[in-house]
Amino acid sequence: MEFLNYFSNVFTFGNILILILGTVGGLLLGAAPGLSPTMAVALLIPFTFKMSPEQGLIMLGAVYTATVAGGAISAILLKIPGAPANIATVMDGYPMAQKGKSKEALHYCFISSFVGGIIGILVLIFFTPLLANVALKFGPSHMFWIAIFGVTVIATLDSNSIIKGLFSGALGLWLATIGYDSVLGVERFVFNPIFSGGINIIAALVGLFAIPQVLSMLEKKQDLSDQFQMEKKSLFQSMKYNLSRFKALTIGSITGVIIGLIPGAGGQIAGLVSYDQIKKVSKNKENFGKGEPDGIIAAESANNAMVGPSLVPLLTLGVPGSPTAAVLLGGLLIHGMFPGPNLFTIYAETTWTFINSLLVAQFLMLIFGLYISGLAKYVIKTPVNYMAAAITILAIFGTYSVQHNFADVMVMLFLGVSMFFLSKFGFTAAPIVLGLILGPIAETNFSQAKIIADTQNGIFDYLTIGPLNLTIISLCILSIIYGLFTEIKKKTNDKDQ
Amino acid sequence: MKKLFLYFTFILSFLSFGSVAQAGDYPDRPISVTVAYNPGGATDFQARLVTMMASHPKKDYLGQPIVIVNKPGAGGKVGWNWFATKARKDGYDLAAYNIPHFVSQSIVFDDTKYNIDNLEPIANWGADPAVLIVGKDSPFNSVADMVKFAKANPGKVTFSGAGKFVGHHIAFLQFQKASGAKLTYVPHTGGVPALTAVKGGQVMAGFNNLSDAFRSQNDIKILAIADLQREKTFLPNVPTLKEEGLDVDNSSVNFRGIMAPKGTPPEIIEFLAAKVPLMFNDKKTLGQMKKGGSPVRIMNRAEVQEMWKARKVSLTKLLAGLKP
């Protein structure tokens, strides 16, 4: 219970002020397309040079938590995920907003983020010594299978057509191969030097989601607010319903915690995997993709539950559990705090104050998030012309800011316009982005596994021997069989009727 | 309305005239330094530290702030290609260099637009030698143990490092050549993942940054350092590979510093070459670098020019026949 000793440190005037600023700023930054949590934390690191270690870390931690949740705001209201972590939130969040339930959807988003976030931080506080070495158990073979597990999600992600979902996923996997291969040092599909850096994931995310949305807004020329009457549901009702969705919250939080502990996987996978899980076990499968609250609840509890555990390997071993945690490492180092046992002895006060502040940040995120939810109606009521212009500007600025590269903006616009036409044929963006995220993970780890395996007993043995490999392989098989099973059941049900 | 627009264009054109570089006033606005790696990485982190005093009002360094601009991708190629071809040659566009990365890339790849001839070094701030590491539970306790095992089991000893043609890879190639044993290199996507693979036992050994390895001594053993002399501040007890009887020089040491594109006016280069080393030598900067565990090695322009040329020669020899 050592952490309780330092709880009062959080509540100094300066620390609370930084927490509030970090949380509100994080929510807004997160909502801007292109500004992912990783970007936001990286941008703020220079500002912590002049702060005390405590204040610097508190700010970075608060921004990390809040941006992950903030990305859901644009996902729900605009159909544009603020960061890869919020892709799954779009699936049911936007349909809910279209039905006039945007406020309700945002309520679910922040309440679930809160529940997931608290569980994640509690795991960080109580199980750090126990889980410290988990991250080191994951080698190339295990990471390869985890990426394959993600690929099995692609098939069921597109609720309309498995074939189109798989095609989109394959397209994403191909896009991921463009550029410089980091293991073998070879270039592929680099027709023009602008592609030597590959397709930036944020540029693709913004392009594939934002641009088709802008184009269809202009095509239909119809204000969203004309389509429906805002439904009124009180916060209390939302809360009661949200907390009663025990299954979705549990699946989301557990998935998030596990994925957070695995180095390098991060929130982008946590949201999608838990969305897939809840869809598979839910009794109302046909509602998913049409505005099922469970979809939002599972995805948002997962991506926030990932935050705490992603810091476990970071603080104990210097091994980041997510891309954002990797940037946070820089924030620790500039204050001379090296990850390892020292953090919990010499720097115990700073470390525990930081962890406790993350707990407080969850409450602040809930309060400010729910307040922002009430303002959502103004976004929906904005005339469509202004909205389209604003989204385009945000998309261009957001994409450029990632690596100050104009080529990224061109790629973003090209992918966006292509996606607009693809969507006319019933293709969806989420499997493409998932393919783009998983491709490099699967490929890098396979290449490494192959090199290592050749010094041992060959690639087949290397990939299939050991309890951890077998566990993840069984999960992949289960996921595929379950998907097939429900598909067949659906088909026979359709025939019977 | 039209009139307002005219005024506006007038003012704009006036402003742009004002910014034409005049060496006497240089610098009269912020200077950008391009970092070819991601924010939060070691190069980015150190570049931000060593440039933070640039505009300090009480110090006579540059009098203007330095802004770090990250252009990551393809192991640094994206940022440096941009810098060599598109950067303004007026002293307001500078970049951070990583040796041996950019020299070895310019040797092995055909599409790199940069080489030591179209870039002008300003000053060097740091040097991070590669160290030979093994996991805490590894049976190897010395370089000799490892070489003995590797000779008996050709190709079985796996090494991690931060990708191809970076310092770690160069150290590996030199080590392999000098030891005469066949070894296996497993490229990783960065220094931190490569270090994690050693800690987790996914690979048997690795070459990694001295600074990162130094912080991880709870989980790894550091067997040797690939430099000409021992690192006296951080690891005084770790021998060099040379002391262990292996002919490995300092070609793999990761030097970091600031450069300008060729064609930048000589008086501006001279100005920067005089002021930047002073800025790196600032007490506050040095203190922060030490706190962050980043080894400092400040070199002036003439020394860096020598070092670049020497690297080019030794790397061309080492990498001959290694084109991908």
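In this predicted model, the centres of domain 1 and domain 2 of chain B, taken over C-alpha atoms, sit 28 Å apart. Domain 1 of chain B covers 22-127 + 254-319, and domain 2 covers 130-225; these bounds come from an automatic or database domain assignment. Across the boundary, 12 residues of domain 1 of chain B are in contact with 13 residues of domain 2 of chain B, contact here meaning that the C-beta atoms of two residues, placed from the backbone, lie within 7 Å. Helix 4 (residues 101-108) of chain B gives the largest share of the domain 1 side, with 4 residues. By class, that side holds 5 nonpolar, 7 polar and no charged residues. For the classes, Ala, Val, Leu, Ile, Met, Phe, Trp, Tyr, Cys and Pro count as nonpolar, Asp, Glu, Lys and Arg as charged, and the others, Gly among them, as polar.

A word on bookkeeping: residues are numbered from 1 along each chain as its sequence is written, while chains are lettered from A and ligands numbered from 1 in the order in which they are written. Since the model is predicted, local features need pLDDT of at least 70 and side-chain atom pairs count only at pLDDT 80 or more, whereas totals for chains, interfaces and linings use all residues.

Back to helix 4 of chain B, where 7 of 8 residues are buried (20 or more other C-beta atoms within 10 Å of a residue's own; exposed is 12 or fewer, partly exposed in between, with C-beta atoms placed from the backbone). Among them are H101(B), F102(B) and V103(B). The cover over these buried residues includes helix 3 (77-86), strand 3 (93-99), helix 6 (167-179) and helix 11 (301-319) of chain B.

Zooming out, chain B has 11 helices and 11 strands, which are DSSP runs numbered from the N terminus (helices H or I, at least four residues; strands E, at least two). The radius of gyration of chain B is 22 Å, close to the 20 Å from the globule rule for 324 residues, so chain B is as compact as a globular protein of that length. That radius is taken over C-alpha atoms, and the rule is 2.2 Å times the number of residues to the power 0.38. Buried residues make up 53% of chain B.

As for confidence, chain B averages a pLDDT of 87 (the predictor's confidence in each residue, from 0 to 100). Residues 10-22 of chain B stay under 50.
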